[in-house]
Amino acid sequence: MAQFYSPKRRVTTRQNSPVLTLTVDNLDPFGQGVAHHNGKAIFVPGVLPGEQAEVQLTEEKNKFAKGRLKRLLSRSPQRVEPRCPHFGVCGGCQQQHADESLQQQSKAAALVRMIARETGVTPQQEPVIAGPQYGYRRRARLGLLWQPKQQRLVMGFRQAASSDLVPVTQCPVLHPELEQLLTPLRACLSALQVARRLGHVELVLADNGPVLVLRHLDALKEDDRQALQAFARTKNVTIYLAPDSDSLEKLCGETPYYQVDGLRLDFSPRDFIQVNDHVNQQMVAQALEWLSIQPNDRVLDLFCGMGNFTLPLARRAAAVVGIEGVATLVANGQYNAHKNRLNNASFFHENLEEDVEQQPWAAQGFDKVMLDPARAGAAGVMSHIVKLAPKRVVYVSCNPTTLARDSKVLLSAGYRLARVRMLDMFPHTGHLESMALFINGSAPEVAAK
């Protein structure tokens with residue numbers, strides 16, 4: 001559940017900071033080059049393994065330092081030309097200068113190293129679950145800022161290491177149907193009477209077309225509503241209006257939906273859905289295979305969202321129970337189970353960071369467990385999973401650190417880490433997502449595919 005950008009504090013170069021000639025050894029999980037000097041690791045964005053560079057130190061700690069690339073002295077054969085004209089300024093992507101194989105290999109190796117260091121178990125590297133490197137994002141949020149001196153509306157993403165907006169006319173990682181909206185959308189929004197009082201715009205690509213959510217700080221006049229409706233008709237876009245963070249009004253268009261495992265899931269444009277549809281389809285299929293669902297199985301799906309895994313599981317199991325902390329996602333899960341005629345799927349709205357032992361689902365028994373927590377992991381529920389003693393557990397993670405931490409609870413209870421695969425959910429970024437299979441006791445491993 002990663003965001004498109006992550007603004008950071010500006011780093012200023014120290015006056016008279018030294019310039020070193022360094023050779024980068026490898027990449028860290030975030031795509032920064034890692035070199036060593038006098039026994040200290042030095043992290044340098046923009047430099048690839050095997051490349052030599054002049055680096056100016058920007059920050060120095062006891063055990064590591066950070067540097068800025070001044071001049072590249074040699075080039076790696078795995079260096080490629082970034083496709084995006086905004087790369088290096090926009091904060092959305094950090095690794096477009098590295099080829100696909102290097103990005104995936106470095107992330108997969110970092111995942112294995114982290115799990116091995118934290119658990120003592122070194123998982124076997126398996127093929128990465130991946131999709132297209134460009135045109136993969138079906139969701140993005142763009143900032144809007146009126147510049148009074150220039151009398152223009154800026155629409156774009158946050159600058160790297162800053163909260164400033166970078167005006168964008170292209171974004172190659174966006175799905176082409178969304179990317180082609182960027183220029184005409186900015187023109188449409190610029191012409192609105194409320195252009196000076198806009199907050200941001202979200203773009204989502206549903207299976208039935210693009211969706212636009214406009215955050216406006218002042219009420220829209222009728223002329224502006226008509227202008228947006230005309231844009232929607234021309235571009236075949238569904239438009240929602242958001243006067244505040246809690247309200248959502250559908251101005252025009254159809255209810256968005258996406259499909260997974262042959263099921264249709266209706267959603268609100270503010271609901272969480274996986275950004276990368278190609279990887280999501282493979283991820284769900286892999287989870288179903290690893291769990292090896294039998295017709296009599298009862299399955300628990302923790303942090304279930306609106307049923308991305310729950311509903312496919314319900315097609316195969318006797319019963320599936322989904323637990324989610326966001327009420328609107330629970331409601332949509334229940335609605336979609338009904339629409340897909342899956343009467344064996346039930347949902348509970350519960351906070352899994354609280355005392356789960358007192359929650360109504362906790363007294364039930366389950367044969368298999370699926371969980372897909374946020375970056376904070378699943379510390380509050382791991383001990384209860386052990387108490388349930390399921391035969392198999394599949395853990396989907398967007399943070400290898402919390403995956404490693406939570407894995408130790410299962411390993412210490414006698415589970416074995418049978419499979420680990422990296423998910424290349426966000427190519428060209430430092431996000432590292434993965435999935436792991438844990439098997440209870442001496443149960444046989446599923447065959448690799």
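Axes here are lines fitted to C-alpha atoms, for helices over the stretch in contact, and angles run from 0 to 180 degrees between N-to-C directions. Helices (H or I, at least four residues) and strands (E, at least two) are DSSP runs, numbered from the N terminus. The model is predicted, so local features need pLDDT of at least 70 and side-chain atom pairs count only at pLDDT 80 or more, while totals for chains, interfaces and linings use all residues. Residues are numbered from 1 along each chain as its sequence is written, and side-chain values use heavy atoms, with hydrogens and water left out.

**Stop 1: H1 and H9**

Select helix H1 (residues 100-119) together with H9. The two pack at an angle of about 40°, with their axes 9 Å apart. H1 and H9 are therefore oblique to each other (angles under 35 degrees count as roughly parallel, over 145 as roughly antiparallel, 65 to 115 as roughly perpendicular and the rest as oblique). H1 passes H9 in a right-handed crossing; a crossing is left-handed if the near helix is turned anticlockwise from the far one by less than a right angle, and right-handed if clockwise.

Now show side chains. From H1, Leu-111, Met-114, Ile-115, Glu-118 and Thr-119 meet Pro-400, Thr-401, Leu-403, Ala-404, Ser-407, Lys-408 and Leu-411 of H9, where contact means heavy atoms within 4.5 Å. By class, these residues are seven nonpolar, three polar and two charged (Ala, Val, Leu, Ile, Met, Phe, Trp, Tyr, Cys and Pro count as nonpolar, Asp, Glu, Lys and Arg as charged, and the others, Gly among them, as polar).

**Stop 2: H8 and H9**

On the H8 side select Ala-379, Met-382, Ser-383, Ile-385 and Val-386; on the H9 side, Arg-405, Asp-406, Val-409 and Leu-410. The contact has six nonpolar, one polar and two charged residues.

Which residues of H8 are buried? They are Val-381, Met-382, His-384, Ile-385 and Leu-388 (buried means under 20% relative accessible area, exposed over 50%, partly exposed in between, with a 1.4 Å probe and protein chains only).

**Stop 3: two positive phi values**

Ala-389 follows H8 and lies in the loop between H8 and S20. Its phi is near 55°, a positive value in a residue other than glycine. Ala-389 is partly exposed, at 41% relative accessibility.

Next select Ser-292, in the loop between helix H5 (277-291) and S16. Phi of Ser-292 is positive, near 50°, and its relative accessible area of 25% makes this residue partly exposed.

**Stop 4**

Select H3 (residues 182-190), where Leu-182, Leu-185, Cys-188 and Leu-189 are buried. Seen down the axis of H3, they fall within an arc of 130°, so they line one face of the helix; the arc is that of the directions from the helix axis to the C-beta atoms. What covers them includes strand S7 (139-147), helix H2 (176-179), strand S10 (198-206) and helix H4 (222-235).

H3 and H4 pack at about 165°, with axes 10 Å apart, and are therefore roughly antiparallel. Pro-184, Leu-185, Cys-188 and Leu-189 of H3 make the contact with Ala-227, Leu-228, Phe-231 and Lys-235 of H4. These divide into seven nonpolar, no polar and one charged.
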